[in-house]
Amino acid sequence: MTTTPTTKLPVNGVLIYTDGACSGNPGPGGFAAVLRRFENGKEVKRLNRQGGKTDTTNNAMELRAVISAMKCLRHETLPIIVRTDSKYIVENWNQRVAVWIANGWRKTDGKPVLNRDLWEQLAELAEGLRVSFEWVKGHADDPMNAEVDSLAVTARNKRKAAVIA
């Protein structure tokens with residue numbers, strides 16, 4: 001069962017918030033990630049990542065947000081916490097990815113995993129890292145979730161404007 005984490009920040013580690021946004025599903029989409037590195041309880045580094053595609057899905061954007069953040073952490077030794085309002089990400093990562101890998105990227109019903117290429121990238125990037133995924137309620141009282149949502153919507157709107165032009 002997924003639960004909403006406490007607002008407690010790590011003493012030493014990397015805290016990542018991610019979000020994806022799509023106008024239509026499929027349609028123009030955007031993603032964003034905010035990475036915050038903490039040492040001795042203080043934020044020492046912050047990095048924002050954004051991007052998008054003109055024809056995509058919300059779940060693909062959610063995955064691309066996490067992937068874009070993880071690409072920045074290939075040699076990280078501190079614990080990494082990824083917080084997202086995507087149950088698709090949290091539940092699949094925490095409960096299914098290991099099974100999918102063991103089954104050759106097939107679900108338990110034998111059907112292929114959707115967004116396999118993105119899940120494979122994420123699994124490869126997370127290999128050897130101490131990463132955990134936590135669900136946060138979207139559009140609630142979490143200021144970091146609100147910030148990353150705004151960044152993802154901005155990235156989506158850029159793609160949406162490109163489609164219209």
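Residues are numbered from 1 along each chain as its sequence is written. In this predicted model, local features need pLDDT of at least 70, side-chain atom pairs count only at pLDDT 80 or more, totals for chains, interfaces and linings use all residues, and side-chain values use heavy atoms, with hydrogens and water left out.

**The sheet**

Start with the strands (DSSP runs of E, at least two residues; helices are runs of H or I, at least four residues; both are numbered from the N terminus). Five of them form an open sheet with mixed pairing, in the order β3-β2-β1-β4-β5; two strands pair if DSSP finds at least two bridges between them. The edges are β3 (42-56) and β5, each of which pairs on one side only. On average, neighbouring strands are turned by 20° against each other, direction ignored; axes are lines fitted to C-alpha atoms, for helices over the stretch in contact, and angles run from 0 to 180 degrees between N-to-C directions.

Select β1 and β2: the two run antiparallel and are joined by ten bridges. V14 has R37 in β2 as its bridge partner. Then select β4 and β5, which run parallel and are joined by five bridges. Here R83 stands opposite E134 of β5.

Colour β5 by face: V131, F133 and W135 are on the covered face, S132 and E134 on the uncovered one. Above the ring of W135 sits the charged end of K87, 4.6 Å from the ring centre; a charge sits over a ring if NZ of Lys or CZ of Arg is within 6 Å of the ring centre and within 35 degrees of the ring normal.

Next, go to T84 in strand β4. T84 is buried, with a relative accessible area of 0%; buried means under 20%, exposed over 50% and partly exposed in between, with a 1.4 Å probe and protein chains only. Leaving out residues up to four places away in sequence, T84 touches T18, E62, I89, V90, E134, W135 and V136, where contact means heavy atoms within 4.5 Å.

**The nonpolar cores**

A nonpolar core is a set of buried Ala, Val, Leu, Ile, Met, Phe, Trp, Tyr and Cys residues joined through side-chain atoms within 4.5 Å. The largest one has 30 residues, and those with the most contacts inside it are I16, M70, I80, W93, W119, L122 and F133. Two or more residues each come from β1 (13-22), β2 (27-39), α1 (58-70), β4 (80-84), α2, α3, α4 and β5. Centre on L122 to see its contacts with L63, V66, I67, M70, W93 and F133, not counting residues up to four places away in sequence. A second, separate core has twelve residues, among them L15, A32, V136 and L151.

**The aromatic pairs**

Rings of Phe, Tyr and Trp (its six-membered ring) pair if their centres lie within 6.5 Å; planes under 30 degrees apart count as stacked, over 60 as edge-to-face and the rest as tilted. By this rule there are three aromatic pairs. Select W93 and F133: this pair is tilted, at 5.1 Å centre to centre and 40° between the planes. The two residues are 40 residues apart, W93 in helix α2 (residues 87-95) and F133 in strand β5 (residues 131-135). W93 is buried at 19% relative accessible area, and F133 is buried at 5%.

Finish at W100 and W119, whose ring centres are 5.5 Å apart with planes at 75°, so the pair is edge-to-face. W100 lies in helix α3 (residues 97-102) and W119 in helix α4 (residues 116-126), 19 residues apart. Both W100 and W119 are buried.
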